[in-house]
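Hi,

Here is the structure I promised to pass on.

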Amino acid sequence: MCSRLLRGTAALYALLTLLGCSSPPPPSAPSDPPPPPEVSTITVSPRAVLVEDLLPGRVVPVRVAEVRPLVSGIVRERLFTEGDTVAAGQPLYRVDPTVFRAEVAGASATTERQRAALATAEREADRASRLAAMGALSEQALHNAQSTLDLARADLAVSEASLARSRISLRYATVTAPIAGRIGLSRVTEGALVGTADPLPMVTIQQLDQVYVDIRQPASRYEELRQRSARGELERSDGLPVRLLSMRGEPYEVEGRLLSTDVNVDLTTSELTLRVLVPNADVDLLPGMFVRARIPFGREPSAITVPQQAVLHDPALGESVLVVDAGDVVAVRSVITGRVVDGQHIVREGLVAGDRVIVEGHDRLGPGMQVRPVPWDVEIAREDHGPAPDTASE
């Protein structure tokens with residue numbers, strides 16, 4: 001009896017203990033709401049922006065001379081080293097001059113003979129004139145003597161012209177450089193027969209102390225710049241230097257200047273050709289090389305710009321930015337952007353001066369959220385992400 005009572009008391013005690021452990025805790029005090037997230041912002045304001053394009057171009061020599069023979073004959077000697085710089089008038093080839101020397105000698109002899117014939121005709125004409133004055137010679141004989149003198153003079157002129165031509169041919173037997181510049185590879189060797197009707201030049205000389213860079217610009221871009229300049233949105237600044245970059249993006253030390261714009265649009269590409277003159281004393285630029293040219297067209301005096309990372313791109317909604325409205329509330333603003341200059345988007349529509357644009361922290365934000373804006377530090381951003389890409393394309 002006592003043992004059963006003891007077992008019942010133990011079971012009741014265990015039940016009471018279990019019920020006491022599972023009882024709910026007393027209610028706690030409510031916690032404070034989290035602070036609004038911190039976002040980096042900039043306050044946009046108009047600033048002057050240099051409008052320039054980064055376009056591909058090809059190097060073209062200022063002058064190109066195809067050296068061709070002016071007489072026919074056998075090449076006896078080459079007088080230059082391929083790839084060297086030659087001066088204007090420098091001898092390049094020597095064509096066999098034997099035939100031309102013989103022609104000069106024959107023309108000289110003929111000329112001397114005609115001079116002697118002219119002297120004889122002059123004496124006869126003078127004698128006939130005196131006899132006719134005394135009435136001892138008929139008028140017909142006088143006319144004949146005068147005609148003989150005129151013919152002798154004409155024959156002498158023909159002989160002198162032939163002699164001059166023979167001397168020119170002899171001089172052309174030595175082929176000289178028509179311009180100064182860098183000479184290329186010779187297409188003929190000693191012993192080759194050359195002639196004036198040859199389809200290929202003997203060698204080519206290119207002037208490279210200055211070169212042209214022919215740049216292709218879309219006609220639509222040219223029309224846009226022209227219209228913006230006409231509306232006063234773009235201040236033209238002619239004469240600004242054109243900077244060149246290699247295709248790997250490495251800058252050249254030399255700077256060029258824009259000379260002219262072609263008036264014809266390429267029918268296949270709808271592009272215009274811009275010609276830039278570039279000094280090339282060290283011959284860093286060779287004909288045919290592809291380069292990129294940064295061409296300034298003017299200044300936009302009051303452009304609204306924002307960093308590239310501030311612009312959100314959505315395939316369906318287009319471009320937009322997040323701004324901080326009154327009360328530090330996030331709002332979405334649709335924008336239309338233009339070119340990228342030094343890592344900054346030019347905003348054509350959607351923003352006005354004084355708007356606070358969120359640059360960093362978009363992923364955790366939404367419209368209507370309360371935020372705590374702080375100024376965006378561009379130097380810290382460059383340390384974290386590196387320099388902005390240097391581009392000038394739209």
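**How α2 and α3 pack**

Helix α2 goes past α3 in a left-handed crossing (the near helix is turned anticlockwise from the far one by less than a right angle). The contact between α2 and α3 involves 16 nonpolar, eleven polar and nine charged residues (nonpolar is Ala, Val, Leu, Ile, Met, Phe, Trp, Tyr, Cys and Pro; charged is Asp, Glu, Lys and Arg; polar is the others, Gly among them). The axes of α2 (residues 98-134) and α3 (residues 139-172) come within 8 Å and cross at roughly 165 degrees (axes are lines fitted to C-alpha atoms over the stretch in contact, with angles from 0 to 180 degrees between N-to-C directions). That makes α2 roughly antiparallel to α3 (an angle over 145 degrees). Helices are DSSP runs of H or I, at least four residues, and strands are runs of E, at least two, numbered from the N terminus.

This is a predicted model, where local features need pLDDT of at least 70, side-chain atom pairs 80 or more, and totals for chains, interfaces and linings use all residues. Numbering starts from 1 along each chain as its sequence is written, and side-chain values use heavy atoms, without hydrogens and water.

As for confidence, the chain averages a pLDDT of 85 (the predictor's confidence in each residue, from 0 to 100). Residues 1-22 stay under 50 and have zero contacts beyond four places in sequence (contact means heavy atoms within 4.5 Å).

Cheers

Terms used: Angles under 35 degrees count as roughly parallel, over 145 as roughly antiparallel, 65 to 115 as roughly perpendicular and the rest as oblique.
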